[in-house]
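Hello,

Here is the structure we talked about handing over. Please open it alongside this email, and then read on for what turned up.

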Amino acid sequence: MKIRKGEKEDMHGVLALIKELAVFEKEPDAVLITEEDLVRDGFGTNPLFHVFVAEVANEIVGIALYYYRYSTWKGKTIHLEDLVVKDSMRGTGLGYALYSEIIKQGKKDLVRRIEWNVLDWNTPAIDFYEKSGAKILDEWRVAQMDENAINFFVDNKLKN
């Protein structure tokens with residue numbers, strides 16, 4: 001197993017794992033991005049994300065995709081968007097290795113917080129995170145506006 005920074009050429013494998021995650025999270029049709037989107041957004045002049053990949057026998061079998069945020073209370077933080085391990089590789093320590101890379105990156109970057117979301121029914125992940133020292137915040141709710149809601153708001157709520 002080799003953990004390394006992702007490269008443009010890895011985006012096909014990264015996208016495959018993103019799609020596998022969508023199936024696991026019971027939203028198989030939710031992934032709209034393409035390999036080209038990942039290359040453009042992750043490897044342009046101002047990358048929107050960074051990714052560590054786990055490779056076994058020249059195959060991408062795990063990813064930890066993250067980006068930087070700014071907290072008005074803490075300063076620079078890391079948001080771990082996705083930590084994905086191929087189904088056949090779960091239980092091998094690969095997830096822990098990727099997770100460790102994110103935490104080491106946070107320490108290197110002097111961030112004061114690393115954060116991510118976890119589904120309330122994903123108890124193996126919750127247990128994993130809690131055992132590592134992470135806190136699961138029950139009192140916070142995730143708020144999102146999807147593309148339809150954005151369009152509705154702009155088209156209907158912002159009319160002068």
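Contact, below, means heavy atoms within 4.5 Å. Leaving aside neighbours within four places in sequence, Trp 116 is in contact with His 79, Leu 80, Tyr 99, Tyr 129 and Ala 134.

Some ground rules. This is a predicted model: local features need pLDDT of at least 70, side-chain atom pairs count only at pLDDT 80 or more, and totals for chains, interfaces and linings use all residues. Residues are numbered from 1 along each chain as its sequence is written, and side-chain values use heavy atoms, with hydrogens and water left out.

**The sheet**

Helices (H or I, at least four residues) and strands (E, at least two) are DSSP runs, numbered from the N terminus. Two strands pair if DSSP finds at least two bridges between them. The model has an open sheet of 5 strands, in the order β1-β2-β3-β4-β5, with mixed pairing. Its edge strands are β1 (2–5) and β5 (114–115), each pairing on one side only. β2 and β3 run antiparallel and are joined by 7 bridges. Within that pair, Phe 52 stands opposite Ala 64 in β3. Helix α1 (residues 11–24) packs on the sheet and touches β2, β3 and β4. The direction of α1 makes about 80° with that of β3; axes are lines fitted to C-alpha atoms, for helices over the stretch in contact, and angles run from 0 to 180 degrees between N-to-C directions.

**Leu 17**

Leu 17 is found in helix α1. Is it buried or exposed? Buried means under 20% relative accessible area, exposed over 50%, and partly exposed in between (1.4 Å probe, protein chains only). At 3% relative accessibility, Leu 17 counts as buried. Leaving aside neighbours within four places in sequence, Leu 17 contacts Ile 60, Val 61, Gly 62, Ile 63, Val 84 and Lys 86. Leu 17 and Val 84 are 67 residues apart in sequence, yet 6.6 Å apart in space, C-alpha to C-alpha.

**The cores**

A nonpolar core is a set of buried Ala, Val, Leu, Ile, Met, Phe, Trp, Tyr and Cys residues joined through side-chain atoms within 4.5 Å. The largest has 18 residues. Those with the most contacts inside it are Phe 52, Ala 64, Leu 94, Leu 98, Ile 102, Trp 116 and Tyr 129. β2 (50–56), β3 (59–71), β4, α3 and α4 each supply at least two residues of this core. α3 gives the most, with 4 residues. Apart from this core lies another, of 14 residues, among them Leu 15, Leu 17, Val 53 and Ile 60.

**Helix α4**

The buried residues of α4 (residues 123–131) are Ala 125, Ile 126 and Tyr 129. Seen down the axis of α4, they fall within an arc of 100°, so they line one face of the helix. That arc is of the directions from the helix axis to the C-beta atoms. These buried residues pack against β4 (75–85) and α3 (94–108). The face turned away from the buried side carries the exposed residues Pro 124 and Lys 131. Gly 133 follows α4, and its phi is positive, near 105°.

**Ser 71**

Ser 71 sits in strand β3. At 9% relative accessibility, Ser 71 counts as buried. Its side chain reaches the backbone nitrogen of Lys 74 at 2.9 Å. Not counting residues up to four places away in sequence, Ser 71 touches Thr 77 and Arg 113.

Best wishes

Terms used
Polar contact = N/O pair within 3.5 Å; in protein donor to acceptor, adjacent residues only side chain to side chain.
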